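Welcome! Please take a moment with the sequence and the 3D view before reading on.

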Amino acid sequence: MSGDKYDTLRGNVSTMGRMLGEIISEAEGPEFLDKIEQIRLLSKSARSGDAGDREALTQILCNLSREQLMPVARAFSQFLNLANLADQHYTICRETDQEFSATETLNNAYGQLAARGASKQQLFEVTRDLNIELVLTAHPTEITRRSLIDKYTEIDSCLGQLELAGITAREQQKTTNRLRELITQMWFTYDFRVERPTPIDEAKWGFAVVEKSLWKAVPDYLRRLDDAFARATGAQLPLDAVPVQFASWMGGDRDGNPNVTATITREVLLLSRWKALDLYINDVQRLIEELSMSSCNAQLRERVGPSHEPYRELLRPLRSQLRAARDNINRQLDGDKPLAVAAIDNQQQLLDPLTLCYQSLCDSGMESIANSELLDVLRRVRCFGIHLVRHDVRQESNRHAEVFAELVGYLELGDYAAWSESEKQQFLLAELASKRPLLPRAWQPSAAVQEVLDTFYVIAEQPATALRCYIISMARQPSDVLAVQLLLKATGCQFELPVAPLFETLDDLNRSAEVIGTLLQVPGYCEQIDRQLMVMIGYSDSAKDAGVMAAAWAQYSAQEALLAVCASYAVELTLFHGRGGTIGRGGAPARDALLSQPPGSLKNGLRVTEQGEMIRAKLGLSPIAIKTLALYTSAIFEANLMAPPKPKQSWRDAMERIAEISCEHYRAVVRHDEQFVPYFRMATPEQELAKLPLGSRPARRAGSGGIESLRAIPWIFAWSQNRLMLPAWLGAASSMQALLDEGKAEQLADMAAHWPFFETRLSMLEMVFAKADGALSAFYDERLVPAELHTIGARLRAQLAADTQTILTLNGVDDLISDHPWSRESIALRNVYTDPLNVLQAELLRRNRDSQDPLIEQAIMVTIAGIAAGMRNTG
């Protein structure tokens, strides 16, 4: 492979790797560094097929002394972290080809649409209607400590400094010294949080992403979009355009997390607003320093009087009001009542004076000043409001049913749980229409029910702009939605908060359109929701329930059916996609993911979760965030103007068959093989993962100890650790092979060539198989699994090999990801460092399960983090 394109990347990997080696030598001694290098070279030759070196590698790692376990694990883990930093920096490096930049992504989007026949009016309309809403969740897949994340950010800055043209020798040496210092700090920093983060900690981490990355990225992205839009249409973005916004589940997602209480949600809402006010204070202070001009228009002069600094005269009181609002929130956080002073409590109070300044500057011949920092602040206000992010609240449907079960019992109206669906609907609709209070003053509900009610009281306290929607997980019936709407009414909520049912199992997805259709039939319901409905599609649990292929088709079919039923009632549907970062949780490259959705599914915008480590990977640095937003924009433009083809009936028939076969194959293993769960627990670090202080949420839902109660994240995380990657492929390719055996090769080729949905499935399976490793999985079995369970692993690995060949056949290639040369090289580079961690992890698990040892437990945690870095994802 030619080296010129990746010279900077390889140079950064080499430089940081050499620095890490020197630091390890100083800390642990040159003999230890020699051992690390020996392990690395053996791993490299073992990857090339040398069986003798593979055995030698195993022997060295399995015979490490207790004292050597941690430093060996940390050495390989840290190198993978540095390799990831170099890789991430490469995507934003100044020397990267122009074709990869966010600016070119946007210019190309408009150019390609115009070349395919889109008119300037169509380009104007698709830009005017652009609506991207990214929802930051606290799903526990971010394994890296915030202290280390901050160091990674500064390392990226150092790499950028070293690439500047014209840097002096002294500046270069200073930056190189700083880079070495940061890597030294990494080596001597404890790898994990000592305790699990609280929901408050998680929320603060989310707010830090906004402050350190998105606050700068959003106006920068809008400048690029504005330039590309002007180039394509001759028009400018309207001043009030809000193409991107952010929401958050942090501190609001209580589904299965007893640590998220009403008190926590109230505090997070206050902290969110505090952070927004604090950031605006800094922005307005900069504007006061910048806008020293005396010329202004008549409107501003009338507002401030005969001042020689009219802009400062207008902005100083605004700064005071912002400070007063921030001080009041401090009082509330301390348990005191806010003071009755002039303070900012809505977005318009910010927009009015800033817009007046903007218009005055434009009227006074100072457009360049108006369109600089001031325009950025105006756009931030439009995007972030005064709450920084809008908050979602999520709760499981049974918790709402419990409220009505207790209430109906107290009122002696019967047994709510035993009522039919129609009886529940009749009761809920009658109470929604009633003018009398629902909740008796003398009623004393249980603590669990009171907690649910308290959450609704917190919602009722908030301004409408603080909250985005209420999500009902495990929604199965219209009564699940009506119950939430009645609780909002009963607790005094004065605004219409969208209530979004989340359909997440295979059966729920298949019934989703029927449920929504029944709901929309309710007299007056469409008018009550202003003919706007949000429905959330769950990717993680449906894949865990039925396998990736059956789940993907159910998600696609559900979206089609939901769009159709809403259209029949003239209701505008917003689809909310609950995707994770991995294949098994709906993850895919942004463009591929969006273009593989049904035609029309992005008409009302994109609302999608960004979870855990993917927040850092896609939004954690401003240049990366700008690129992410540009990619989403480009894909939405293409999907809405040049919609992907509707699948032919023959394609649908084939997918129905594939989904049916794949679900059968998946469930035959995961549900119906009684030895599978014991095998899973032994062959993966699933038991040990629960000890990782990743997030505030428990790894299991309440219930049995089986796969059903295990959350999707640890389910996928565990299989990625032992490199079998089972949830990402089981049942998928074998179902396609069944169609090949039936003589459907030509039809599958037609689907792959002309249907983005199917092509994306093949592409993602190819990437999964490129990362999977049957030999390492077999080593885990050898070390950890009782002999009577070995046949399960052998059978799964045989299926992995067969499925890999099926995908190669369908794609018409001899080697996996052959059309992605850098991905191949990147995986090969990481394997040299990830493989030793896998071998060591299996040995550590064996030792610790025989006799628990705190030091070995710590080393296991390090290998888990290192392998996650090597695989580039967790859950």
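## About the model

This is a predicted model, in which local features need pLDDT of at least 70, side-chain atom pairs count only at pLDDT 80 or more, and totals for chains, interfaces and linings use all residues. Residues are numbered from 1 along each chain as its sequence is written, and side-chain values use heavy atoms, leaving out hydrogens and water.

## Nonpolar cores

Let's start inside. The largest nonpolar core has 191 residues, and I155, F404, I459, W729 and F758 touch the most other members. A second, separate core of 98 residues includes L287, I288, L314 and A324. A nonpolar core here is a set of buried Ala, Val, Leu, Ile, Met, Phe, Trp, Tyr and Cys residues joined through side-chain atoms within 4.5 Å. Buried means under 20% relative accessible area, exposed over 50%, and partly exposed in between (1.4 Å probe, protein chains only).

Neighbours within four places in sequence aside, F404 is in contact (heavy atoms within 4.5 Å) with G409, Y416, F427, L428, L438, A483, L486 and L487.

Y410, L411 and L413 make a nonpolar surface patch of about 260 Å². Patch residues have over 30% relative accessible area and no salt bridge, with like charges joined within 9 Å and nonpolar side chains (Val, Leu, Ile, Met, Phe, Trp, Tyr) within 5 Å. A salt bridge is a side-chain nitrogen of Lys or Arg within 4 Å of a carboxyl oxygen of Asp or Glu.

L411 is found in the loop between helix 15 (397-410) and helix 16 (421-433). Its relative accessibility is 32%, so L411 counts as partly exposed. Helices are DSSP runs (H or I, at least four residues), numbered from the N terminus.

## Cysteines without partners

How many disulfides are there? The count comes to zero, a disulfide being a pair of cysteine sulfur atoms within 2.5 Å. The sulfur of C383 is 17 Å from the closest cysteine sulfur, in C469, so the two are too far apart for a bond. For C493, the nearest cysteine sulfur, that of C469, is 13 Å away. C383 is buried at 7% relative accessible area, and C493 is buried at 12%.

## Two helices to look at

Helix 30 (residues 732-741) is mostly covered, with eight of its ten residues buried. Its cover includes helix 22 (548-568), helix 26 (649-670), helix 31 (745-754), helix 32 (756-771) and helix 34 (790-811).

R830 lies in helix 35 (residues 821-850) and counts as buried at 4% relative accessibility. Beyond neighbours within four places in sequence, R830 is in contact with L80, A83, N84, D87, A869, G870 and R872.

Conventions
Areas by Shrake-Rupley, 256 points an atom, 1.4 Å probe, with all protein chains shown as cover.
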